[in-house]
Amino acid sequence: MSIQPLVDRHGRIASDLRVSLTDRCNLRCSYCMPAEGLDWMPHEGVLTDDEVVRLITVGVERLGITEVRFTGGEPLLRRGLPDLVRRTKSLVPAPDVSITTNALGLERIAPALKAAGLDRVNVSLDSVRAADFARITRRDRLADVIAGLAAAHEAGLRPVKVNAVLLRGINDEQAPELLGWCLERGYQLRFIEQMPLDPQHGWTRTEMVTAEEILSSLESAFTLTPTGVARGSAPAEEFLVDGGPATVGVIASVTRPFCGDCDRVRLTADGQVRDCLFASAESDLRTPLRAGATDAELADLWAAAMLGKRAGHGIDDPAFLQPARPMSAIGG
Ligand code: SAM
Ligand code: SF4
């Protein structure tokens, strides 16, 4: 079968697919979900495991998708996750398969995920101080995250990557502490600038902790040198820590956007293609899928959906409008 790459009008090709498996979560990170949760998607609106695999198959076999990352909401809440990983990994050509998770429950399921063929995990952890973790996530679950990280490392899902968001006045002085903690355990840490995807629409650029601030805070305790590896479509700028080989990354989505090199496309848990985290429009694949569309028809619809992808997220544009869905419903 010939591949019809997912090209947009700016010449970018999307080959990295983020699949959200649910909008639900067992944490309530303030930058992602309100304390009371959200009106969850109705069960029947969420793609079934077979529907998810069907769309991923179209992506891999017809549209040149080479990387699949399961996310959410919290992807570990999806009971069929190991099987979804196994079925995705058995596609030809086999994509790279990873998950982004808060690690609650990872302690138990890490060996099954490894056995299913999972290549990697990214675990989100913003503070290793229990009180601050609970303040940010509104749940007292730091010990479970730490156990989940250790289990992933033990199961061979290496390198275990940790993603952290810094919030002013809460954990913004903890960058060196987090890095030291990750280095001791062999985890690769990356900081992500907070993006305007919070449900309260309370994000402001001045409140955001910038990549520059993060780097200068890290440099108070470590010597950082650029790895010299071109960033390409990888969003993190990587630095050697104290001469290496350990590294730390900073994802400056807001202050140093990488939209020009973006190779991502997203599928929401209810079967909508989003060409960008910040897209204001989505393209429905669930309705045609359930109405009996062929793989070729789904591929055409998906390819057409990419043509509206904008050149950049435009956060700095005064006319910027935050997407209607918060991060947890888009799939981070
Ligand atoms: N529940 C999983 C987790 O937390 O890893 C997966 C979904 S979560 C939406 C994916 C990533 O998005 C997490 O690393 C989280 O920190 C990040 N995230 C959520 N809201 C964000 C925001 N407003 N700005 C930047 N990153 C955000
Ligand atoms: Fe849940 Fe992840 Fe959002 Fe936190 S960032 S509320 S863990 S989906």
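This is a predicted model: local features need pLDDT of at least 70, side-chain atom pairs count only at pLDDT 80 or more; totals for chains, interfaces and linings use all residues.
Let me begin with ligand 1, where an oxygen atom sits 3.2 Å from a polar backbone atom of threonine 101, a polar contact being a pair of N or O atoms within 3.5 Å. Of the 540 Å² that ligand 1 exposes when taken alone, the protein buries 95%, with accessible areas taken from the Shrake-Rupley method and a 1.4 Å probe.

Residues are numbered from 1 along each chain as its sequence is written, chains are lettered from A and ligands numbered from 1 in the order in which they are written, and side-chain values use heavy atoms, with hydrogens and water left out.

A nitrogen atom of ligand 1 lies 3.0 Å from a polar side-chain atom of glutamate 74, and a backbone N or O atom of glycine 73 is likewise 3.0 Å from a nitrogen atom of the ligand. Around ligand 1 there are 18 residues, of which Tyr31, Gly73, Glu74, Ser124 and Met195 come nearest, where a residue counts as near if one of its heavy atoms lies within 4 Å.

Turning to ligand 2, its surroundings are Cys25, Leu27, Cys29, Cys32, Gly73 and Asn102.

As for the strands, which are DSSP runs of E with at least two residues, β6 (residues 120-124) pairs with β7 in the parallel sense over 3 bridges, pairing requiring at least two bridges in DSSP, and valine 123 has valine 162 of β7 as its bridge partner.

Technical notes:
A polar contact is a pair of N or O atoms within 3.5 Å; within protein, one must be able to donate a hydrogen and the other to accept it, and residues adjacent in sequence count only if both atoms are side-chain atoms. Helices (H or I, at least four residues) and strands (E, at least two) are DSSP runs, numbered from the N terminus.
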